[in-house]
There are 2 protein chains.
Amino acid sequence: MEEELLMVRVAELYYDEDKTQDEIGALLKISRWKVGRLLTQARERGIVRIEIVHPRARRLGLERQLVERHGLAAAIVVPAPDGDDGTLDRVAHAAADYLTAMRPVPRTLGVSWGRTLRAVAEALPDGWATGVTVVQLNGGVSLNRRSGGAAGLAVTIAQRASGHVSLLPSPAILERVETKLAIEADRTVAGILEEAAEAQAFLFTAGPCDATSAHVENGYLTASDVEELARRGAVGDLLGRYIDTDGNIVDPQLDARTVGVDLARLRGAKRAVFVTAGAAKHDIARTVVTNGLCSVLVTDENTARALLEEQ
Amino acid sequence: MEEELLMVRVAELYYDEDKTQDEIGALLKISRWKVGRLLTQARERGIVRIEIVHPRARRLGLERQLVERHGLAAAIVVPAPDGDDGTLDRVAHAAADYLTAMRPVPRTLGVSWGRTLRAVAEALPDGWATGVTVVQLNGGVSLNRRSGGAAGLAVTIAQRASGHVSLLPSPAILERVETKLAIEADRTVAGILEEAAEAQAFLFTAGPCDATSAHVENGYLTASDVEELARRGAVGDLLGRYIDTDGNIVDPQLDARTVGVDLARLRGAKRAVFVTAGAAKHDIARTVVTNGLCSVLVTDENTARALLEEQ
DNA sequence: CGGTGCGCTGCTCATATGAGCAATCTGATG
DNA sequence: CATCAGATTGCTCATATGAGCAGCGCACCG
């Protein structure tokens, strides 16, 4: 259309050449109001594209939609760069920013573990808060306080806030229920689980239900265990607990052998910050969000879109 | 820098969320003037990128620079899409637009030939002008008035302007000088050459000096002829005449066997429209432009940059 | 032929924005 | 510690812009 060409000319003069709408009108022999209208149309039609190019950019529009649609307290959505690389980093940074800005500062922060949370820990600057006690929400891998395992992650977060850390000295999943009960009966463990359950804020991720799961990697489950769980409807795990799309525990037997706070704690929490990135976790992310298992969601644009499209 | 993050937040609220600078100031607890300044900086630093996405978009900034730097009457620069495909089409369209808008409408228009000009001819809409006589500037290939050869191109342009066409019934380059002189002595040929030389506007392209040249393709020259020309400093041809970077004829002997108007005519012309696209022609384009062989340049962004970067 | 309603135009006026400037802060230097 | 240059801030005021509205032309339909 001829009108469209005019939009292009007007947009060039306005945005590239910094002319006023008046000047453009004079130049193209149209009224300045028409120039204004053409500009509006050009933006609407996408002829003029305005984008914010920055690793820390956000998608406020998607955030708002997510909050409305899923009744969240907040949502943080970062753009996914073209190559998909760096997405995790961006999400992690965004989560770190959110934690840093969170008011009131929680006295105790419950954390889970995983690659995503490790990235968040690394993204937190020294002094992101002061005096926050970090407590593990579920059983971890190494008991070494050095970086590397789940413990290291919690330690890092605590150190950078000049705070304390309460590690949960237990495997994630035990072989027998009796062992699990015995461990929970231990006064230290019980104390920590108590502390974790009462944490003022939670920070956690979820894992997909496939062979890449951290549980398989760490030997708590075998690839075939996970396959079986998936067959029974599991879409992923949260604090080591495998759930289906309705948010229900898939295998109560397995769950009874899993050490960590109950998912009910997340459901009730005012500040349950769920961090997720990548297409592999879209399903579990949907489950978490639609079942009210988090109040704050930090994710990437693609995940956000996936969470908004259905229904 | 912390300031930079603020720019990002401000830019998001302003451009994505359509908030006023006042509102943003209130939201972020900074004065509205600071908001304005942050926005300016964000644009300067390229955090906010505004682009005009349209096949007919132009690069007015580059156009202005070209006009200034090389003393042109006008320059038309189109963005080069990522895949480089479609660039020729865009340039051709832009040339067609320019011709259509050219005032006063030339009574006679001299044209050369080549793939680029063919694209221009195809891009001209029916009725782009009325009553323009199109005359060939140099010897062509087929004398068939149908589309395909150089003749068809001129015919197309004329037809779409409801005008006449004067074809130059001669090969581009002859084997012997005597033959060339004999052809030029022919009254028809002489008349057309006269008409061409007096044309009120010229429309032409240039070819690179390599085996892809249309002259090789059409058998006027062999690949080794072209190689030899290149060795002697030729960067390409204009109306069949091979020139070096200083705009001088490389091989006077060859030139004496070439039928068509003299390059001097272009140099003096007020409306010599040179159309070029693609990296292969950067060198010859530079030669044409720096030696004043055109007054109007129609090209793509990359060529424009190449013409601006040196010295 | 005469409505009648829709879309486009150019206006008025309120608001948003940028230029320019004085006040203030910062931090380097003697 | 005093001083001063340079940056940064928040202002005033002129200008640019968008919202909303009345007038106009045009196509459609009775």
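So, contacts in chain A: of those with a separation of 6 or more, 67% join residues 24 or more positions apart. Keep in mind that this is a predicted model. Staying with chain A, 45% of its 311 residues are buried. Its C-alpha atoms fill a box of roughly 85 × 45 × 30 Å along the principal axes, and the chain has 15 helices and eleven strands.

Okay, on to the DNA. Which residues sit around DNA strand D? From chain A we have A:T20, A:Q21, A:D22, A:W33, A:G36 and A:L39, and from chain B there are B:S31, B:W33 and B:K34. By type, that surface divides into three nonpolar, four polar and two charged residues.

Now, which helices supply them? At least two residues each come from α2 (21-28) and α3 (32-44) of chain A, and from α3 (32-44) of chain B. The largest share, three residues, belongs to α3(A).

Let's look at how those two chain A helices meet. The axes of α2(A) and α3(A) are 8 Å apart, and the helices pack at an angle of about 105 degrees. An angle of 65 to 115 degrees counts as roughly perpendicular, so that is what α2(A) is to α3(A). On the α2(A) side, the contact is made by A:Q21, A:D22, A:I24 and A:G25; α3(A) brings A:R32, A:V35 and A:G36. Those contact residues divide into two nonpolar, three polar and two charged.

One last thing to spot on the screen: A:Q21, A:D22 and A:G36 are part of this helix contact, and they are also among the residues around DNA strand D.

Notes:
Residues are numbered from 1 along each chain as its sequence is written. Chains are lettered from A and ligands numbered from 1 in the order in which they are written. This is a predicted model: local features need pLDDT of at least 70, side-chain atom pairs count only at pLDDT 80 or more; totals for chains, interfaces and linings use all residues. A residue is near a molecule or strand if its C-beta atom, placed from the backbone, lies within 6 Å of it. Helices (H or I, at least four residues) and strands (E, at least two) are DSSP runs, numbered from the N terminus. Ala, Val, Leu, Ile, Met, Phe, Trp, Tyr, Cys and Pro count as nonpolar, Asp, Glu, Lys and Arg as charged, and the others, Gly among them, as polar. Axes are lines fitted to C-alpha atoms, for helices over the stretch in contact, and angles run from 0 to 180 degrees between N-to-C directions. Angles under 35 degrees count as roughly parallel, over 145 as roughly antiparallel, 65 to 115 as roughly perpendicular and the rest as oblique. Two residues are in contact if their C-beta atoms, placed from the backbone, lie within 7 Å. A residue is buried if 20 or more other C-beta atoms lie within 10 Å of its own, exposed if 12 or fewer, and partly exposed in between; C-beta atoms are placed from the backbone.
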